[in-house]
Amino acid sequence: GVIRALGVDVEKYVQTGQTVAALGALFGAMTGNQKLTQQAGLVQSATDAAKQLTEVSFDQMNLNIERLSNGDVILSDLSLIAPALRLVGEGQITYRTGLDFWMQPLEINLSLSARDDFGVSLAKLGLLRGEADSLGYLPLVSGFTLDGSLDNIGTTQLEQLLMRAFR
């Protein structure tokens with residue numbers, strides 16, 4: 001299958017990021033400014049990671065769903081395995097009277113691990129911990145929450161995590 005829920009604001013990263021990375025690398029090389037060249041590399045890695053998150057083809061997905069008597073929906077034992085990333089987490093869709101199901105408040109707490117090209121991009125940004133699991137996935141330095149609703153999934157925490165490399 002394919003999941004598109006992790007797509008960060010790619011327009012913000014891809015169009016600007018590729019231009020900034022190319023110009024930074026060019027000016028860094030011309031002037032010998034290593035800091036500029038390094039920043040250009042970080043921008044390119046963030047751009048690559050953002051692009052890879054927009055559409056994730058996965059091999060396996062597991063999810064337990066339970067609807068409580070008050071209408072809330074509990075999401076547990078969530079796991080998604082793709083060639084370059086693994087997600088695990090849990091969450092909830094909170095029932096609100098009068099709202100369509102797709103508009104109900106959503107909160108999913110996730111941990112992401114990465115490998116291959118995606119892992120390289122995140123490692124260059126300093127966002128991975130050093131110990132890989134038995135399948136070679138390296139965990140992100142922290143988890144993140146998807147919020148909003150199923151109709152409009154919020155990825156602000158994931159975007160902030162990607163931008164953390166520039167601080």
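User: Where is D116 found?

Analyst: D116 is found in helix α3. The model is predicted, and that goes for everything below.

User: Is D116 buried, exposed or partly exposed?

Analyst: D116 has a relative accessible area of 48%, so it counts as partly exposed. Exposed would need over 50%.

User: Which residue does D116 form a salt bridge with?

Analyst: With R115, where the closest N and O atoms are 3.9 Å apart. R115 is at 25% relative accessibility, so R115 is partly exposed too.

User: How many salt bridges does the structure hold?

Analyst: It holds 2. Besides the one between R115 and D116, there is a salt bridge between R86 and D133, with the closest N and O atoms 2.2 Å apart.

User: What does the pair R86 and D133 tie together?

Analyst: R86 lies in strand β5, residues 85-93, and D133 in the loop between α3 and β7, so the pair ties together parts that are 47 residues apart in sequence.

User: How accessible is D77?

Analyst: D77 has a relative accessible area of 52%, so D77 is exposed.

User: Let me zoom out. How many helices and strands are in the protein chain?

Analyst: There are 4 helices and 9 strands. From the N terminus on, the elements run β-α-α-β-β-β-β-β-α-β-β-β-α.

User: How much of the chain is buried?

Analyst: Of the 167 residues in the protein chain, 38% are buried.

User: Next topic: how many cavities of 30 Å³ or more does a search find?

Analyst: A search of the whole structure finds 1. About 40 Å³ of space lies in the largest cavity.

User: Which residues line the largest cavity?

Analyst: The lining is L53, L112, F118, L122, L127, L140, L158, L161 and L162. By class, that makes 9 nonpolar residues, with no polar and no charged ones.

User: Which elements each supply at least two residues of that lining?

Analyst: Helices α3, residues 116-124, and α4, residues 156-163. The largest share comes from α4, which gives 3 residues.

User: Now pockets. What is the volume of the largest pocket?

Analyst: The largest pocket has a volume of about 380 Å³.

User: Which elements give two or more residues to the lining of the largest pocket?

Analyst: They are β1 (2-3), β3 (60-67), β4 (73-81), β5 and β6. The most comes from β4, with 4 residues. That is the strand in which D77 lies.

User: How many residues line the largest pocket, and which lie nearest its centre?

Analyst: It is lined by 21 residues, and I3, M61, L63, I108 and L150 lie nearest the centre.

User: How does that lining divide by class?

Analyst: Into 20 nonpolar residues, no polar ones and 1 charged one.

User: Where do L99 and F101 lie?

Analyst: L99 lies in the loop between β5 and β6, where β6 is residues 106-114. F101 is found in the loop between β5 and β6 as well.

User: How accessible are L99 and F101?

Analyst: L99 is partly exposed, with a relative accessible area of 40%. F101 is also partly exposed, with 35%.

User: Last one: how far apart are F101 and S149?

Analyst: In sequence they are 48 residues apart, and in space 8.8 Å, C-alpha to C-alpha.

Terms used:
Residues numbered from 1 in each chain as written. Predicted model: local features only at pLDDT ≥ 70, side-chain atom pairs only at ≥ 80, totals over all residues. Heavy atoms only, no water. 1 Å grid on protein atoms, 1.4 Å probe; cavity = no way out; pocket = protein on both sides within 12 Å on 5 of 7 lines; lining within 4 Å. Points joined across faces, edges and corners; volume = space filled by probe spheres on them. Nonpolar A, V, L, I, M, F, W, Y, C, P; charged D, E, K, R; others polar. Salt bridge = Lys/Arg side-chain N within 4 Å of Asp/Glu carboxyl O. Buried < 20%, exposed > 50% of the residue type's maximum accessible area, 1.4 Å probe, protein only.
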